[in-house]
Amino acid sequence: MRLSVAQIQSSVAKGRGFTLVELITVMVIVGILAVAVLPRFFDKNIFDARGFHDQVISTVRYAQKVAIAKHRFVCVDVASDNIKVTYDSTPPSSAHTAITACPGGVDLTSPDGKSTFVITSPSVDVTLGAVNFYFDALGKPSAGTTITVSSSDTITIEAETGYVH
């Protein structure tokens, strides 16, 4: 059977566009997503808290890397609204020397080298559990530590390896 040009154009024209059922289905799905997802986009505190959580992890990992690179004790002082990183300016007599308390010392500069390395909580809703610890010259922490961010998220520093998660 041979089709004419008009029949081919007619069958192609019928295949264009969407049916009413398809349009309504898409509108229902978009409506459900709007109700479930959009309120999260307007609550900036959730994004700030998660971003600060990730920034705290990065800061602790950076402190450990600096301890290894500089072969110094690096102290991490966690207050309720900020974290400050300092290092001891004198090298340890041995890589395995332990200290009883964080000596403080020289303020560590930020990775860009322009300012003191302090990160501050983005809002009053994001708080930290105060704790102080240090990394020795081999990157091992003074003790296994847990940092609490906003009473729901915890960051753990393993005692033996210094792994931060």
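What share of the contacts in the protein with a separation of 6 or more is accounted for by residues 24 or more positions apart?

**View 1. The whole protein, a predicted model.** Residues 24 or more positions apart account for 51% of the contacts with a separation of 6 or more, where contact means heavy atoms within 4.5 Å. The protein has 3 helices and 7 strands, and from the N terminus on these elements run α-α-α-β-β-β-β-β-β-β; helices (H or I, at least four residues) and strands (E, at least two) are DSSP runs, numbered from the N terminus. Of the 165 residues, 28% are buried, and here buried means under 20% relative accessible area, exposed over 50%, and partly exposed in between (1.4 Å probe, protein chains only). The accessible surface comes to about 10600 Å², of which 60% belongs to carbon and sulfur atoms, with areas taken from the Shrake-Rupley method with a 1.4 Å probe and, for residues, only the protein chains shown counting as cover.

**View 2. Threonine 59 in helix H3 (residues 44-70).** Threonine 59 counts as buried because its relative accessibility is 3%. A polar atom of its side chain lies 2.8 Å from the backbone oxygen of glutamine 55. When neighbours within four places in sequence are left aside, threonine 59 is in contact with Ile83, Val85, Phe117 and Ile119. Valine 85 is 26 residues from threonine 59 in sequence, while the C-alpha to C-alpha distance between them is 8.3 Å.

**View 3. A nonpolar patch on the surface.** Ile29, Leu33, Val37, Leu38, Phe41, Phe42 and Phe47 form this patch and together have about 730 Å² of accessible area. Patches are made of residues with over 30% relative accessible area and no salt bridge, with like charges joined within 9 Å and nonpolar side chains (Val, Leu, Ile, Met, Phe, Trp, Tyr) within 5 Å; a salt bridge is a side-chain nitrogen of Lys or Arg within 4 Å of a carboxyl oxygen of Asp or Glu. Helix H2 (residues 20-42) contributes the largest share of the patch, 6 residues.

**View 4. Leucine 38 in helix H2.** Leucine 38 counts as partly exposed because its relative accessibility is 39%.

**Notes to the views.** Residues are numbered from 1 along each chain as its sequence is written, and side-chain values use heavy atoms, with hydrogens and water left out. In this predicted model, local features need pLDDT of at least 70 and side-chain atom pairs count only at pLDDT 80 or more, whereas totals for chains, interfaces and linings use all residues.

Notes
Polar contact = N/O pair within 3.5 Å; in protein donor to acceptor, adjacent residues only side chain to side chain.
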